[in-house]
Amino acid sequence: MIVNPCAKINLGLNVVRKREDGYHDLETVFYPVNILDTIDINVSKGKQEHNCELSIKGIEIEGDMQQNLVVKAYKMLAERYALPDVHVELTKAIPTQAGMGGGSSDCAYMIRALNDLFSLDMNIHEMQLLAAKLGADCAFFINPVPSYAEGIGERLAPIDVDLSNYHLAIVKPPVPVSTKEAFSKVTPIQPEKCCKDIVLQPIDTWKDELVNDFEQSVIPLHPEIGEIKDKLYDMGAIYAAMSGSGSALFGIFKDKPENLDNIFKGYYTAIAK
């Protein structure tokens, strides 16, 4: 079975309070983006030992393969169901350490694929509950439609926002941003206006009102991120912002921007919907 996990961007992101469990409550709008990984699942022959062998192509990922969220998703379901061993080939196209949810999406699509492949009969809500155990924004990718998210990103409600008539320019510098570091330098505050309400306004009002709170902590540490945002506006973006805790940025354009690769040489770039 082959599935194609998508990326996401955040249309506004507010860190509203720190919780007693050490996490932070957020308010954000998740928007799916058609930059796609590929997961190819094949059933292995032999004993059922709850093994998931993972190989990765495309964008390089460091670390122990058995700690990858794809493998963790398999093992979580294998504890509940009699799953056969599988071999998974993951081809990465979504940039890593970007704030675009690549790992979370791979995790969620793995749960969806196993549910379909082995007829586990889980509904969307059941899969979202399981996905949330593995990551804050994993639940969104079980049903990746534009959604307003609260809590740590697991409480979701569909929102009527459509950017299909626009072009999304994605730019990621070769700068890793630690999510822990980004959170440590943000002061939680309840915004005067919720990002959900701003996103439902005309898009040309977003520049003055829609903010990502992580920019205030990340840009001083990595000035090139702020420079990319400024350049996207110079190129004619209606709105530009960092996605998640970075380091990818996106610009929303009426007309398809030209020469993105040449303007941002040495950076990851893509035009998406």
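Predicted model: local features only at pLDDT ≥ 70, side-chain atom pairs only at ≥ 80, totals over all residues.
Strands here are DSSP runs of at least two residues, numbered from the N terminus.

**Lys92**
- Lys92 has a relative accessibility of 5%, so it counts as buried, since the cut-off for that is under 20%.
- Setting aside residues up to four places away in sequence, Lys92 touches Asp37, Ile56, Lys57, Gly58, Ile59, Ile61, Gly102, Gly103 and Asp106.

**The nonpolar cores**
- The largest nonpolar core has 54 residues, and Leu11, Trp206 and Leu232 touch the most other members.
- Several elements give two or more residues to this core, including strand E2 (6-18), strand E3 (24-36), helix H8 (223-234), E10 and E11.
- Take a look at Leu11: leaving out residues up to four places away in sequence, its contacts include Val29, Tyr31, Trp206 and Phe250.
- Another core lies apart from that one, with 35 residues, among them Val86, Ile111, Ala131 and Ala149.

- E10 runs antiparallel to strand E11 (residues 249-253), and four bridges join the two.
- Across from Tyr239 you'll find Ile252 in E11.
- Six residues sit between E10 and E11 in this hairpin, and Gly244 in the turn has a positive phi of about 55 degrees.

Terms used: Residues numbered from 1 in each chain as written. Heavy atoms only, no water. Pairing = 2+ DSSP bridges. Buried < 20%, exposed > 50% of the residue type's maximum accessible area, 1.4 Å probe, protein only. Contact = heavy atoms within 4.5 Å. Core = buried A, V, L, I, M, F, W, Y, C linked by side-chain atoms within 4.5 Å.
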